[in-house]
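Please look through the sequence and the structure shown below before reading on. The paragraphs that follow start from a single residue and then widen the view step by step.

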Amino acid sequence: MVVPSLKLQDLIEEIRGAKTQAQEREVIQKECAHIRASFRDGDPVHRHRQLAKLLYVHMLGYPAHFGQMECLKLIASSRFTDKRVGYLGAMLLLDERHDAHLLITNSIKNDLSQGIQPVQGLALCTLSTMGSAEMCRDLAPEVEKLLLQPSPYVRKKAILTAVHMIRKVPELSSVFLPPCAQLLHEHTRNRLSCILLGTITLITELCERSPAALRHFRKVVPQLVHILRTLVTMGYSTEHSISGVSDPFLQVGGHSSKTMTNTSPLSSPQVATNTDTSRNAGNAVLFETVLTIMDIRSAAGLRVLAVNILGRFLLNSDRNIRYVALTSLLRLVQSDHSAVQRHRPTVVECLRETDASLSRRALELSLALVNSSNVRAMMQELQAFLESCPPDLRADCASGILLAAERFAPTKRWHIDTILHVLTTAGTHVRDDAVANLTQLIGGAQELHAYSVRRLYNALAEDISQQPLVQVAAWCIGEYGDLLLAGNCEEIEPLQVDEEEVLALLEKVLQSHMSLPATRGYALTALMKLSTRLCGDNNRIRQVVSIYGSCLDVELQQRAVEYDTLFRKYDHMRAAILEKMPLVERDGPQADEEAKESKEAAQLSEAAPVPTEPQASQLLDLLDLLDGASGDVQHPPPLDPSPGGALIHLLDLPCVPPPPAPIPDLKVFEREGVQLNLSFIRPPENPALLLITVTATNFSEGDVTHFICQAAVPKSLQLQLQAPSGNTVPARGGLPITQLFRILNPNKAPLRLKLRLTYDHFHQSVQEIFEVNNLPVESWQ
Amino acid sequence: MQFMLLFSRQGKLRLQKWYVPLSDKEKKKITRELVQTVLARKPKMCSFLEWRDLKIVYKRYASLYFCCAIEDQDNELITLEIIHRYVELLDKYFGSVCELDIIFNFEKAYFILDEFLLGGEVQETSKKNVLKAIEQADLLQEDSKPRSTRLHSCVKS
């Protein structure tokens, strides 16, 4: 006996009755087997039921592709029940990626031309949901015919199907353009809002695709305005309205179509005043008005109206409205800054929202609203926000505050205070160049040196975990330690700081496991500088320095050894080398770096090669490969790094005005996405000088680390290598490393350059030695 | 509109309507991620969120989440109205609709949606017209059934 197949509802009950996932799977697999058998047997009576069950199972996530062909059969059947389920199945199971979908084109064509209205409706619906480009092209004539059919039910569907077709195949615009005018005309006779809605959507779509359509439809804009106006001012029919706002969907459609035709919405003020905003529908229409005003070239008065509407939205208790208002105000803030400023207090209120998406929007808008007059008040609010905001917003908030402070700081002291506050509150989230900016700022504000160093010392004494803060503080203490110990500073209460305390603090930073290697470097250098600033004897410092001479970190070890050597062999020079850095100009030449390095370079070249500098000896090897030259390469160790300063300067090069005929850049090396470029500059005031900027870029998927570039030139030339901007190039086009070579060529000898690169890439260490060919002649003649 | 999803508070999908062509795998992935994101939202948070490059509008009605993905230029507030109108239509059709109605009559839910939205756009703004169209189609379905089953289904409805 044939077991009658389960009804859909019974199957659903059975599946829901399953207690475990495994049980559910069992039930479904059993049923699917039945369904497959039934499909194979080709039972026409229950096919629709089987497919419905299959669709349910599909929604739960189980495979149902064997039902695709059954959809076709059901669509082709003459029973309405079959067609209904078949088309539903087609929409759910078939999409344009499956070749099978083209097979329903024929059925759809038949149904469109010969079917009864509900069937036509089904066909149009399916076509507009999953119709691919080929299907659309094939069926365009049928849909066009249906556009002008008397029955509104079919017509409205045909219109929207046409919209879909135009989206898929823009060339069909020409087919559907002519009927539009007639459709609009029909409405004014019959007042069928569904047709009007569809037509407006179609017109909008057409205007989006082709400027010719745009021109064509400009003429009908007055008609549309009239329709909108009647909707707003006259009564409404209950079936179309939502709580008193007549047909909001139609109003919204009307507005968006006017956006397309870029005309001034004269009715907007009317809409604004007449629309009841106590319900969401009214607000939706108002919002659309605002969007329209924003999108077209409105007069100033209208834009102010838009801003005011948004301001009102901001006061609404409904979160959604406020969110929408904040987003739109952000778009307007560039063009209508003063209008938006008036709503600043409300925006700042929104910062205190608990909803993360709202507070994010409020933050963006607040940052955009900061200007020179309100900067102090805004900063206070923003800083309060920074303390309490969720972690994912911290980084944005911190960098926003720093940027705004940079642009609008009323006084330097306020600026320093602000940055200090940000560093203490959210230090780990600030960008890398914040340290550089701050050191520069402090360096430039001579009158504030004492104040800064004191505040930084206090901050450091409290907390040594925030790395950027520690770095800046260490640098400051090193530079201005004497001011710190001098005692009184007018601006904060006097604090007697003992030499030993300062040294102890720096040592604590050095030893703390929370300190990054870069931070340690700062601390060590600061200690070294203090050796000249402090009056006591330097034994403690010397001790620390010599301990770090055997540190595992190579960078620290190198520095420590150099400093140690300074103490031991070059003590007479120590004071000169460690004196205060002159003012580092933002865009100016690297005066101090060069001055320093040339000084030490001169000294060091006299001495015998220092044994703890392995690079130097290998460089000498390099030179042997060139025409027997030796000894002229100078590789000054960077004593006072201030990497932030170096970064700014190198990136701002060329700092000399470019020569009249710029020498073309040269790409000298490429390996696995890592590239090295040379760019040449001959400053006109010094004909013997050649400046080469070496840029290392990385377009590969892996980071480049421990990048070191060394160079050698023939004996008759002099080469100076300056400190590189860093030794890491992040992957995928991250910030490149730049390094400046200065070459003095008084005799105009032919330039030859040999480069040695070492770096780590894709967990392998790479070493490349090569001579640069094709050096342009202009670089040395 | 790009797609609409209905899912329960446990994350089970009750209806999915896609107006853009995507592979089955992509649909599953999007569904999974979006469901997680929406379910993680706290009750008082606003109904809009940004996800990938789409705007998502969602609203919770009893135990069901109605979630729509719209494009950048679409109006979020009107989408909320669209969701509400759809719920009203379901309510009128099933009479005080609850999640079980949608589970056991999912095809009807699809049919109603297809009378309200077409190709991602609103096709009919009058509630009456939508329900009338569904009624007529249901009647047709009745007429096309063979006699023996019709009596049985009369009892059921």
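A:Glu507 is buried, since its relative accessible area is 14%, and the cut-off for counting a residue as buried is under 20%. This value, like every other one in this text, is computed from a predicted model. The residue lies in helix 28 of chain A, which covers residues 499-511. If its neighbours within four places in sequence are left aside, A:Glu507 is in contact with A:Arg540 and A:Val544.

From this one residue we can turn to chain A as a whole, whose secondary structure comes to 35 helices and nine strands. Of the 781 residues of chain A, 57% count as buried. Among the contacts in chain A that link residues at least 6 apart in sequence, 68% join residues that are at least 24 apart.

Several residues of helix 21 are buried, among them A:Leu358, A:Arg361, A:Ala362, A:Leu365 and A:Leu369. What covers the buried residues of helix 21 of chain A? The cover includes helix 18, helix 19, helix 20, helix 22 and helix 23 of chain A, together with strand 3 of chain B.

A:Ser373 is exposed, because its relative accessible area is 67% and the cut-off for exposed is over 50%. Although A:Ser373 and A:Phe408 are 35 residues apart along the chain, their C-alpha atoms are separated by 8.6 Å.

Chain A also holds an open sheet of three strands, arranged in the order 5-8-9 with antiparallel pairing. Strand 5 (704-712) and strand 9 (764-771) stand at the edges, each with a single partner strand, so one side of each is left without a neighbour in the sheet. From one strand to the next, the twist averages 10 degrees. In general, strands of a sheet pair through backbone hydrogen bonds, either parallel or antiparallel. Here strand 5 of chain A is joined by seven bridges to strand 8, residues 754-761 of chain A, and A:Gln710 has A:Arg756 in strand 8 as its bridge partner.

The next step is the contact between the two chains, to which chain A gives 63 residues and chain B gives 60 residues. Together, chain A and chain B bury about 5800 Å² between them, with 59% of that area on carbon and sulfur atoms. Five salt bridges are counted between chain A and chain B. In a salt bridge between B:Asp138 and A:Arg84, the closest N and O atoms are 2.9 Å apart.

Chain B finally shows two details of the backbone. Most residues other than glycine have a negative phi, and most peptide bonds are trans. B:Arg52, however, has a positive phi of about 50 degrees although it is not a glycine, and its place is in the loop between strand 3 and strand 4 of chain B. With a relative accessibility of 49%, B:Arg52 counts as partly exposed. B:Ser96 is not a glycine either, yet its phi is positive, at about 55 degrees. B:Ser96 is found in the loop between helix 2 and helix 3 of chain B, and it is exposed, with a relative accessible area of 61%.

Methods: Residues are numbered from 1 along each chain as its sequence is written. Chains are lettered from A and ligands numbered from 1 in the order in which they are written. This is a predicted model: local features need pLDDT of at least 70, side-chain atom pairs count only at pLDDT 80 or more; totals for chains, interfaces and linings use all residues. Side-chain values use heavy atoms; hydrogens and water are left out. Two strands pair if DSSP finds at least two bridges between them. Helices (H or I, at least four residues) and strands (E, at least two) are DSSP runs, numbered from the N terminus. Axes are lines fitted to C-alpha atoms, for helices over the stretch in contact, and angles run from 0 to 180 degrees between N-to-C directions. Buried means under 20% relative accessible area, exposed over 50%, partly exposed in between (1.4 Å probe, protein chains only). Contact means heavy atoms within 4.5 Å. Buried area is the accessible area (1.4 Å probe) that two parts lose on being put together, summed over both. A salt bridge is a side-chain nitrogen of Lys or Arg within 4 Å of a carboxyl oxygen of Asp or Glu.
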